[in-house]
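Hi,

Here is the structure I said I'd pass on.

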Amino acid sequence: MILERCCTSLEEVLEAKQNGASRVELCTRIDVGGFTPERELIKEAVASGIPVNVLIREREGDFFFSREEVETMADDVRFCRDCGANAVVVGALRSPLEIDSDAIRLLLAGRGGMKATFHRAFDRMEGDPFSALEEIISLGCDTLLTSGRRPTALQGAELIRQLVVHARGRIAILAGSGVCPENLEELRSRTGADEFHGTRLCCPKCK
């Protein structure tokens, strides 16, 4: 089982490492959905030795990014690559029904050997989730972070289970939103997922 703790500071990264996290997702401003963290923090987190996945998001609000915003985020991806980050966490939409595949390709063009997670922009989509999953796979993403298009992963457990089955091991399904030590085993049982994401995972306050 892989536990990914969402962290916003070096202190949280070090806590996560000490308490057994498999990796961290690094970001800032969780209160508005998360932004790309400061570059110095990225370097410090990577230097800690735990695998670091960096959220790449220019601003709060929707996921309909301009060309200029995409180019800025692409530069952030290259910075993460040069720092030795494990992965980048990306997502972009053209509409609630359509992934912005051109933006994702541009973002991932400079990733080098890093992995890529498609974030919860997936949960803001309408229409067939399985077609969207196929496109995310075709774009070269290694992981999909999702709450099953519901406010929490526990509420979205049935769709997460269906996504795990549909993926057939071609992409990891990372269950996130409201995941905590108290519901982890129930989520694992109901979804069949092996990867979980949350701000309370591997946190000393939860032990």
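**How the helices pack**

Arg39, Ile42, Lys43 and Val46 of α2 meet Asp75, Asp76, Phe79, Cys80 and Cys83 of α3. Sorted by class, that contact of α2 with α3 has five nonpolar, no polar and four charged residues. Before you read too much into any of this, keep in mind that the model is predicted.

To describe two packed helices, you give the angle between their axes and the distance between the axes. For helix α2 (residues 39–47) and α3, the angle is about 30 degrees and the axes are 10 Å apart. Angles under 35 degrees count as roughly parallel, so α2 and α3 are roughly parallel to each other. As for the hand, α2 passes α3 in a right-handed crossing.

Helix α3 (residues 67–83) also packs with helix α4 (residues 101–108): their axes come within 8 Å and cross at roughly 30 degrees. That makes α3 and α4 roughly parallel to each other, and their crossing is right-handed. On the α3 side the contact is made by Arg67, Val70, Glu71, Met73, Ala74 and Val77, and on the α4 side by Ala103, Leu106 and Leu107. Seven of the residues in this contact of α3 with α4 are nonpolar, none is polar and two are charged.

What is the angle between α5 and α6? Helix α5 (residues 129–138) and helix α6 (residues 157–167) pack at about 45 degrees, with their axes 11 Å apart. At that angle, α5 and α6 are oblique to each other. The crossing of α5 and α6 is right-handed. Pro129, Phe130, Leu133 and Glu134 of α5 make the contact with Leu159, Gln162, Leu163, His166 and Ala167 of α6. The classes in the contact of α5 with α6 are six nonpolar, two polar and one charged.

Next, find Arg5 in strand β1 (residues 2–7). Is Arg5 buried or exposed? Its relative accessibility is 4%, so Arg5 counts as buried. The Arg5 side chain makes a polar contact with the side chain of Glu15, at 3.4 Å. If you leave aside neighbours within four places in sequence, the residues in contact with Arg5 include Glu12, Glu15 and Ala16, then Arg23, Val24 and Glu25, and also Gly198, Thr199, Leu201, Cys202, Cys203 and Pro204.

Glu15 turns up again with Asn19: the backbone oxygen of Glu15 lies 2.8 Å from a polar atom of the Asn19 side chain. You'll find Asn19 in the loop between α1 (10–18) and β2 (23–26). With a relative accessible area of 18%, Asn19 is buried, since the cut-off for buried is under 20%.

Leu10 is found in helix α1. At 28% relative accessibility, Leu10 counts as partly exposed. Beyond its neighbours within four places in sequence, Leu10 is in contact with Leu41, Glu44 and Ala45. From C-alpha to C-alpha, Leu10 and Leu26 are 9.2 Å apart in space, and they are 16 residues apart in sequence.

Thr117 lies in strand β7 (residues 115–118), and at 4% relative accessibility Thr117 counts as buried. Which residues does Thr117 contact, leaving aside its neighbours within four places in sequence? They are Asn53, Val88, Val89, Val90, Thr143 and Leu145. The C-alpha atoms of Thr117 and Ala172 are separated by 9.0 Å, and these two residues are 55 residues apart along the chain.

**Two loop residues with positive phi**

Most residues other than glycine have a negative phi. Arg149 has a positive value, near 60 degrees, and lies in the loop between β8 (143–146) and α6.

Ser177 has a positive phi as well, near 100 degrees. Ser177 sits in the loop between β9 (172–176) and α7 (184–191). Where does the chain leave Ser177, buried or exposed? Its relative accessible area is 18%, so Ser177 is buried.

Best wishes

Terms used:
Residues numbered from 1 in each chain as written. Predicted model: local features only at pLDDT ≥ 70, side-chain atom pairs only at ≥ 80, totals over all residues. Heavy atoms only, no water. Helix = DSSP H or I, 4+ residues; strand = E, 2+ residues; numbered from the N terminus. Buried < 20%, exposed > 50% of the residue type's maximum accessible area, 1.4 Å probe, protein only. Polar contact = N/O pair within 3.5 Å; in protein donor to acceptor, adjacent residues only side chain to side chain. Axes fitted to C-alpha atoms, helices over the stretch in contact; angles between N-to-C directions. Parallel < 35°, antiparallel > 145°, perpendicular 65-115°, else oblique. Left-handed = near helix turned anticlockwise from the far one by under 90°. Contact = heavy atoms within 4.5 Å. Nonpolar A, V, L, I, M, F, W, Y, C, P; charged D, E, K, R; others polar.
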